[in-house]
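Hi,

Here is the structure I promised to pass on.

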Amino acid sequence: MISETPVVERDRVVRYSLRERVMHWLVGFTYLYLLISGLAFYAPQLYWLATILGGGPVARFYHPWIGLVFTIAMVWMDVTWRVDMRITETDRRWTKEVRKYIENRDEEVPPSDRFNAGQKQFYWVMLVSTIFLLLSGLVMWYPEYVPWNLRGLRSVAIYIHEIAALVTIGAFIIHVYMGVFMVPGGMKAIVQGYVSPQWARSHHRLWFNRVQGERARE
């Protein structure tokens with residue numbers, strides 16, 4: 001499924017539809033709940049985080065259920081953005097010049113489409129990690145259904161869950177840092193849904209040119 005076509009207006013470009021923004025924030029807030037509750041269970045020194053969520057027993061009860069909501073939201077995101085998230089030759093060129101992007105030398109970075117290679121890599125890391133978190137989480141949630149001759153899966157599931165969670169935490173920190181501090185206007189786009197034509201041309205030139213061309217043909 002191709003995401004909804006953005007619109008170029010006089011002084012702004014609609015980058016994300018309302019549906020896409022709801023989808024994104026549903027993923028974000030459910031992940032944040034899982035992050036806080038998961039860290040509380042991960043180490044005794046972090047158990048105090050559970051108080052933010054109403055206490056340990058409450059967080060323990062809702063953690064797997066919120067995990068299911070997060071998984072459903074990720075499936076929704078995959079259905080919506082999968083076409084946009086395909087890795088292309090343009091992305092490979094962008095990746096080779098990623099140092100210039102980090103140094104804010106945007107004019108020297110190869111133009112990107114609706115999502116740049118870094119955003120796509122974050123997406124795929126989160127999607128794959130979600131699969132591992134779901135499968136290992138189900139084993140941890142219902143260990144009594146694991147056959148006795150496969151009881152070793154219980155210990156394996158714990159390690160897989162922890163590793164996948166740590167991977168997503170690292171990716172999440174980078175994602176937030178880039179969206180809030182490294183790319184001015186990025187947060188505004190996912191909150192309000194639109195960006196200026198100058199922003200779109202600077203950060204996602206291929207996408208902007210394509211959308212502008214579609215608008216001109218209407």
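**The core**

The largest nonpolar core has 34 residues, and Phe-70, Met-74, Met-77, Trp-81 and Met-126 are the ones that touch the most other members. (A nonpolar core here is a set of buried Ala, Val, Leu, Ile, Met, Phe, Trp, Tyr and Cys residues joined through side-chain atoms within 4.5 Å; buried means under 20% relative accessible area, exposed over 50%, and partly exposed in between, using a 1.4 Å probe and protein chains only.) At least two core residues come from each of α1 (18-42), α2 (56-81), α5 (117-141), α6 (152-182), α7 (186-192), α8 (197-203) and α9 (205-217). Helices (H or I, at least four residues) and strands (E, at least two) are DSSP runs numbered from the N terminus.

Before going on, please note that this is a predicted model: local features need pLDDT of at least 70, side-chain atom pairs count only at pLDDT 80 or more, and totals for chains, interfaces and linings use all residues. Residues are numbered from 1 along each chain as its sequence is written, and side-chain values use heavy atoms, with hydrogens and water left out.

Back to Met-77: setting aside residues up to four places away in sequence, Met-77 touches Met-23, His-24, Val-27, Arg-82 and Tyr-123 (contact means heavy atoms within 4.5 Å).

**α1 and α2**

The axes of these two helices come within 8 Å and cross at roughly 145 degrees. (Axes are lines fitted to C-alpha atoms, for helices over the stretch in contact, with angles from 0 to 180 degrees between N-to-C directions.) The residues of the α1 contact with α2 are 19 nonpolar, eight polar and three charged.

**The loop between α4 and α5**

Which residues does Asn-116 contact, leaving aside its neighbours within four places in sequence? They are Asp-91, Trp-94, Tyr-101 and His-204. Asn-116 is found in the loop between α4 (98-102) and α5, and is buried at a relative accessible area of 4%.

Asp-113 lies in that loop too, but is partly exposed, at 27%. With the neighbours within four places left out, Asp-113 is in contact with His-204, Leu-206, Trp-207 and Arg-210.

**The whole chain**

The protein chain has nine helices and two strands, and 39% of its 218 residues count as buried.

Cheers

Conventions:
Ala, Val, Leu, Ile, Met, Phe, Trp, Tyr, Cys and Pro count as nonpolar, Asp, Glu, Lys and Arg as charged, and the others, Gly among them, as polar.
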